[in-house]
Amino acid sequence: MRSFETFLRLHQGPTPLLLGNIWDANSANIFEQAGYKAIGTSSQAVAASQGYEDGEKLPFDTLLQLVRQVVKSVDIPFTVDLEGGYSRSADGIIEHIEKLHDAGVVGINLEDTVAGSSRTLQPVAAFQKILSTVADHLCRKNLKLFLNIRTDGFLLGMPTALTETLGRIRSFEEAGAHGIFVPCITEINDIKAVVNATDLPVNVMCMPSLPSFGELKGLGIKRISIGPFLHSYTAKKAAEAASAIIESDNFSILFN
């Protein structure tokens, strides 16, 4: 069931794949029991649950340990947000990807920005070269992993976000990507332009102004991610309950 082929087919159906973004084995089980067809980590949610900031601050070995626990816990395809690859070299990224493949995941997210004091886009040619090297290695070694490549022009709020995104996704498709992820894109005309610019399945993320699932289906979107927002919602509700216990001097809120 946890196969690359299964995961690939989920990106090719008439209805977008709704991906449940998890932060531990328990949340993975919650999504599976709710009927989700696939799950993936949210780097931000995983980092926060472990007491780290997002942006590759969570040690890779900690992420790998969590991944192994999740793989043992669920029977649906599982993909991992590898952020920028936990390395600035293709060889380093490949090493991490191979460990995740061996752990049992069916895909990864790889983004074209580098996290630091601020998030910056990598030069498109340099990132394309890294991606091409990664994709060629997976092909030569027959390692079947869905490469979902994230481009961050809209996330960064660039005034030229659409133009930048269109140029980048063409380069990434040529380099061997299996899917394109454009977080924070919400305008219908922008989504249309991105979908029409590539033969690859396009992935969008939960945002307050994101069109409805039905509209996204009509626009040709093939994957919809929850991102870190369920984890944030859960943490908010837990904080409210913790405060209410003190204020009410009883545990009634836990049983309402």
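Visitor: Which strand pairs with β9 in the parallel sense, and over how many bridges?

Guide: Strands of a sheet pair through backbone hydrogen bonds, either parallel or antiparallel. Here strand β9 (residues 202-205) and strand β10 (residues 223-225) pair in the parallel sense over three bridges. Two strands count as paired if DSSP finds at least two bridges between them. Within this pair, Val204 stands opposite Ile224 in β10. Helices (H or I, at least four residues) and strands (E, at least two) are DSSP runs, numbered from the N terminus. Please keep in mind that this is a predicted model, where local features need pLDDT of at least 70 and side-chain atom pairs count only at pLDDT 80 or more, while totals for chains, interfaces and linings use all residues. Residues are numbered from 1 along each chain as its sequence is written, and side-chain values use heavy atoms, with hydrogens and water left out.

Visitor: What closed arrangement do the eight strands form?

Guide: They make a closed barrel with parallel pairing, in the order β1-β2-β3-β4-β7-β8-β9-β10. On average, neighbouring strands of this sheet are turned by 25 degrees against each other, direction ignored. Axes are lines fitted to C-alpha atoms, for helices over the stretch in contact, and angles run from 0 to 180 degrees between N-to-C directions.

Visitor: Which strands does helix α4 lie across?

Guide: Helix α4 (residues 60-73) lies across β1 (17-22), β2 (39-41) and β3 (78-81), and runs at about 165 degrees to β3. Contact means heavy atoms within 4.5 Å.

Visitor: How many residues line the largest pocket, and which lie nearest its centre?

Guide: On a 1 Å grid over the protein atoms alone, a pocket is an open set of points with protein on both sides within 12 Å along at least five of seven lines, whereas a cavity is a set where a 1.4 Å probe fits but cannot get out; lining residues have an atom within 4 Å of a point. In this model, 27 residues line the largest pocket, with Ser42, Asp81, Arg150, Met205 and Pro228 nearest its centre. Strand β3 gives the most to that lining, with three residues.

Visitor: How are salt bridges read, and how many does the whole structure have?

Guide: Side chains of opposite charge can pair when their charged atoms come close. A salt bridge is a side-chain nitrogen of Lys or Arg within 4 Å of a carboxyl oxygen of Asp or Glu. The whole structure has nine salt bridges. One of them joins the side chains of Lys99 and Glu95 (3.7 Å, N to O). Both residues lie in helix α5 (residues 90-103), four residues apart, about one turn of the helix.
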